[in-house]
Amino acid sequence: MQFYYTSGPLGFGSDPPNPLLFSSAPSLSTKMVVLTDPALDLISLIRSPKPAACFSGVPVVDLSKPDAAARLVEACKEFGFFKVTDHGIPVELMRRLEAEAVKFFSLPPAEKEKSGPAKPLGYGNKRIGANGDMGWVEYLLFAVTSRPLSCTLMDFLREPSACCFRSALKEYLSAVRKLASQVLELMAEGLEIEPRDVISQLVTSEASDGIFRLNHYPPCPVLRGSNYSLTGFGEHTDPQVISVLRSNNSTGLQISLTDGSWVSVPPDEESFFINVGDSLQVLTNGRFRSVRHRVVANGMESRVSMIYFFGPPFAEKIAPLPQLMGEGEHSLYKEFTWDEYKKAAYKSRLADNRLGLFEK
């Protein structure tokens, strides 16, 4: 079956669904969602997991426990992904920023589009990057500098009415930056390498390259009652060192296990999820695994997520840490700078194996 519809009625605009926009096609061999707006491409359908299919094996690292470093390293090796609890960031702060994001995404399309199109920063709607990737998502993308901590401000954030958004954003970025430093120092401790900030200093220096993303995956009424979900954000790995994710209590995040199967991550609005990125996989010479992940939009719930991506300075050479290398161990990767890798990532599709270009 195929569904044909325009973008406006299904969460990005304000008009109610029009049943005349939906029809079925005879072929069952391809299942796609086709947006009739000629400016848009195709967004693929994914068979929805059963409600009970949420993965119970997501590693949980309680940062207050003495075994946090060991558990964190174990999770990075097996999954490249874990949840952190007892992190010290108030839930109220997370909800404040989420509420401000919801206010923005609830604006009329014409108002939101004043902050776009994303090139790559700014407001984006369905188009992800410049190479044809599409998803059932709208987003705000900011560049973040570490010292002093600041981010690019779009015009709407300069308005006096946006003071609460600016305040919540600055406070949230500062808190998550400290959390990322703590997590990366625990990684060094668990790997038994010195100095303790050998990894964290890469992403907290004055020249470090940070990105912050606010994503909104609207409901999609046409899919209700079906066994399919829309691709919200297609499968990919993150190029950076780590990324720190927080979302509301809506499902949608999925990770790929080592056998290639996809599992759904149970949501938890009070915790953070950490993704190992490609750069950290290289820094550990493959000991840590860059996790492949995606987001599916199930049509029922509105999902809001915030992701802080921690990258090194552009001139930083990305190569295995000498402190980790055993006697006679050789690098699995060609040496490259973060600038070279980021440029390669921007030229690729989401699902591409970017590290494959740099493997020996």
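Guide: What follows covers the fold elements, the cores and the cysteines of a predicted model.

Visitor: How many helices and strands are in the protein?
Guide: The protein has seven helices and 18 strands.

Visitor: What share of the residues counts as buried?
Guide: Of 360 residues, 53% are buried. The accessible surface is about 16,000 Å², and carbon and sulfur atoms make up 53% of that area.

Visitor: Now the packing. Which residues have the most contacts inside the largest nonpolar core?
Guide: Phe 82, Leu 140, Phe 165, Met 187, Phe 212 and Ile 242, in a core of 64 residues. Helix α4, residues 163–191, supplies the largest share of this core, with 15 residues.

Visitor: What does Met 187 touch?
Guide: Leaving out residues up to four places away in sequence, Met 187 contacts Leu 72, Val 73, Cys 76, Phe 82, Ile 199, Ile 242, Leu 280 and Phe 288.

Visitor: And what is in the second core?
Guide: That separate core has 23 residues, among them Val 58, Leu 141, Leu 257 and Phe 309.

Visitor: What about sequence range: what percentage of contacts join residues at least 24 apart?
Guide: 73%, counted among contacts between residues at least 6 apart in sequence.

Visitor: Switching to cysteines. Is Cys 76 buried or exposed?
Guide: Cys 76 has a relative accessible area of 0%, so it counts as buried. Cys 220 is buried too, with 0% relative accessibility.

Technical notes:
Residues are numbered from 1 along each chain as its sequence is written. This is a predicted model: local features need pLDDT of at least 70, side-chain atom pairs count only at pLDDT 80 or more; totals for chains, interfaces and linings use all residues. Side-chain values use heavy atoms; hydrogens and water are left out. Buried means under 20% relative accessible area, exposed over 50%, partly exposed in between (1.4 Å probe, protein chains only). A nonpolar core is a set of buried Ala, Val, Leu, Ile, Met, Phe, Trp, Tyr and Cys residues joined through side-chain atoms within 4.5 Å. Helices (H or I, at least four residues) and strands (E, at least two) are DSSP runs, numbered from the N terminus. Contact means heavy atoms within 4.5 Å. Accessible areas come from the Shrake-Rupley method with a 1.4 Å probe; for residues, only the protein chains shown count as cover.
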